Structures are given as C-alpha cells and as structure tokens.
Amino acid sequence: MKRIGILGYPLSHSISPEFQQAALDHHEIKATFHRWEVTADDLNSFFETIRDSNFIGASVTIPYKEKCLDLVDEITESARLIGAINCIVNRDNVLVGHNTDGSGFIRALKTKYGFEPSGKKVLIIGAGGAAKAIAYSLIQEGISQLTIANRTITRAEELAQRLERNGLKINSIKLDKQTLVAPLSNVDLIVNTTSIGMKNGPDPQHSPIPPDLIPQNAIINDIVYNPIETPLIKAAKLKQAPTIGGLDMLVYQGVEAFELWTKTLAPETIMYDAAQKALRS
Ligand code: ATR
C-alpha cells in the first residue's frame, strides 16, 4: 500500500484525509491518506522518510508552508514566486514542492462558477500567506485591477510591492469602513483571506466588510470554510449578492494535488461531498 498524507502541526481540524481518501477509494488506487502531525524538531528526519518510494507525496499546511521550501529538492516556478508550498510530489525519490492554493482557487472560480478573472477588478482582504497565493494567481490570470486591504497596512504595502514585479499596479489600503467605500463601489470579485468569521478564530462573529457596504453585483468569496456560512457569506446572501464559500478553495487545492500525485482526473464532486460531510460530523 502506498502512502500520502497531510503534514502540519497541529492537525486536529484538518479534513483533507477524509476527502482525499474518498478520491483514492473512488478510483480504487491502492494508497492510504495519513495525518502526519510532525513537530518542528522532527521535520528533517520526516523528510528523509517520505523520500522512500512507498510515499507518493504530501499536502503541507500550517505552520510549514514556507519552511518546507528549504526541505524539498525542487520547487515549481509558481511556488517560488508565491514563496510557499502546500503540496509535495515524490518523483522517483526527488521531492518536488508545488503550490496548488492559488491554482485551486482559480479552478474553483472558473470550473464551478464560470467566473473568468481576466480583465476583472478584485479586492482582497488580508495580506498573509493565503492572500499572497490568491493574488499571485489572479494576476497570472490577467485581472485588470487589484486592491489589498489589511488591518496592518504595512503588510498590504509589502505584499503589493512584491506582486508589482508582475507588472500590475496594486492599491494597498487599511482595512476600515472609510477606506473600503471607494474600492467596494467598483469591483467584480471580493475575497476574504483573513480569519475574521472563522469558528474558534480571533473574531468569529463579524464580517470583514461592514454588511451595509457589501455590493450586490460583485462575487463575494470567503475562503474561511468553518462555518460553511460565515458572517460575510450570510450578509452577502441577505443582499442577494453571489457567494462562494471557503470549502471550494480547500477542496480544489486538494483536487489539483490529487492529480499531481496520481496523474488521474480527480472526482471533484465526491471530494466536495466528503469534505462537507467531514465538516458536519
Ligand atoms: P494565512 O497564511 O492563513 O493567510 P496569516 O499569514 O497569519 O495567515 O494572515 C492572516 C491575515 O488575517 C492577515 O492579513 C491578518 O491581518 P494582519 O496582517 O493585520 O495581522 C488578518 N487578520 C487576522 N485576524 C484579524 C482580525 N481580527 N482583524 C483583522 N484582520 C485580521
């Protein structure tokens, strides 16, 4: 039996094992998907273990997405530009680091929602690791305008500077009601990448955008997946704005990873249903 797994610490909340195993079983691939809760001290020896040919690869989550860049043997160009990996493929004992967070996000937008990012105006809330992968991928897709709003403005400015090497002028602003008014009045897609609204997070009860400012004609995408209906998604639905929940990005980064590991088309609906079931249980 071959092995794949998710690497992180802690891992108690991860639902990747459930939806990845459902995909492996669907295709009758003889592999098991594990939870690899590894401490920082054990990370180097863990990497020696997964070079073995019994290991197909791994998903990587918090807090190792950046640290693993130095531990794999090769990284893809997009993972290098994003500065993080969330997927490792064991290619004949050579560990290759990929980033499927951004590509999975784009795939969900395009294939599940028919949203074509090219030429669109985007507002990203937050300036952490998830924002970086999403912003990079949207720029690659040819969006025409990007605003990054963050509580700590210097972090938004740093991210904008880093991304501007890709050619698009980026507007960075502080996340507050006054400064959000203008970008919210002319935007096609809004993505929340902060943990505001997340169960057990720093601010579970609130929406990152004041509900009265949510525009009706932009797509509201919250990458927080627990709860499935965050305060932002609830407020957007009340305004009858189109919404995309966080489970899509989670599942589609896994869809892309599954295809890299197995070279087999991922059963998207089966994975999404298994993820939803795992979250509810
Ligand atoms: P990730 O890798 O998941 O993106 P991160 O790098 O820690 O996580 O980034 C978290 C993001 O959520 C940041 O943009 C953070 O804002 P700051 O840069 O000001 O810290 C944002 N965030 C987290 N809690 C927040 C809160 N209560 N209010 C506003 N922004 C918050």
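1. In this predicted model, Cys87 is buried, with a relative accessible area of 0%. Cys68 is likewise buried, and for Cys68 too the relative accessible area is 0%. With a disulfide taken as a pair of cysteine sulfur atoms within 2.5 Å, the count comes to zero disulfides. Cys68 is in no disulfide, the nearest cysteine sulfur being that of Cys87, 11 Å away, and Cys87 is in no disulfide either, its nearest cysteine sulfur being that of Cys68 at 11 Å.

2. The largest nonpolar core has 31 residues, of which Phe105, Ile124, Leu138 and Leu146 touch the most other members. At least two residues of this core come from each of the helices α4 (101-112), α5 (129-140) and α6 (153-164), and from each of the strands β7 (121-125), β8 (145-150) and β10 (189-192). The greatest contribution is that of α5, which gives seven residues. Because domain 1 (2-99 + 248-280) and domain 2 (102-244) both give residues to this core, it lies between them.

3. Which residues does Leu138 touch, once those up to four places away in sequence are not counted? The contacts of Leu138 are with Phe105, Ile106, Leu109, Pro117, Val122, Ile124, Ile143 and Leu189. Two of these partners, Phe105 and Ile124, are themselves listed with Leu138 among the residues that touch the most other members of the largest core. There is also a second, separate core of 28 residues, which includes Ala31, Val89, Met271 and Leu279.

4. Helix α7 (residues 177-185) deserves a separate comment. Its buried residues are Leu180, Pro183 and Leu184; seen down the axis of α7, these buried residues fall within an arc of 95°, so they line one face of the helix. The face turned away from the buried side of α7 carries the exposed residues Gln178, Ala182 and Ser185. As for what lies against the helix, the buried residues of α7 pack against the strands β7, β8, β9 (170-174) and β10.

5. Two cis peptide bonds may be checked against the displayed structure. One joins Tyr9 and Pro10, with omega about -5°, and Pro10 is found in the loop between β1 (2-8) and α1 (16-26). Another runs from Ile62 to Pro63, where omega is near 5°, and Pro63 has its place in the loop between β3 (55-60) and β4 (74-75).

6. Glu28, a residue other than glycine, has a positive phi, near 50°, and is found in the loop between α1 and β2 (31-37). Is Glu28 buried or exposed? With a relative accessible area of 68%, Glu28 is exposed. Gln240 is not a glycine, yet its phi is positive, at about 60°, and Gln240 is found in the loop between α8 (231-238) and β12 (243-244). At 64% relative accessibility, Gln240 counts as exposed.

How values were computed: Residues numbered from 1 in each chain as written. Predicted model: local features only at pLDDT ≥ 70, side-chain atom pairs only at ≥ 80, totals over all residues. Heavy atoms only, no water. Core = buried A, V, L, I, M, F, W, Y, C linked by side-chain atoms within 4.5 Å. Buried < 20%, exposed > 50% of the residue type's maximum accessible area, 1.4 Å probe, protein only. Helix = DSSP H or I, 4+ residues; strand = E, 2+ residues; numbered from the N terminus. Domains from an automatic or database assignment. Contact = heavy atoms within 4.5 Å. Arc of directions from axis to C-beta.
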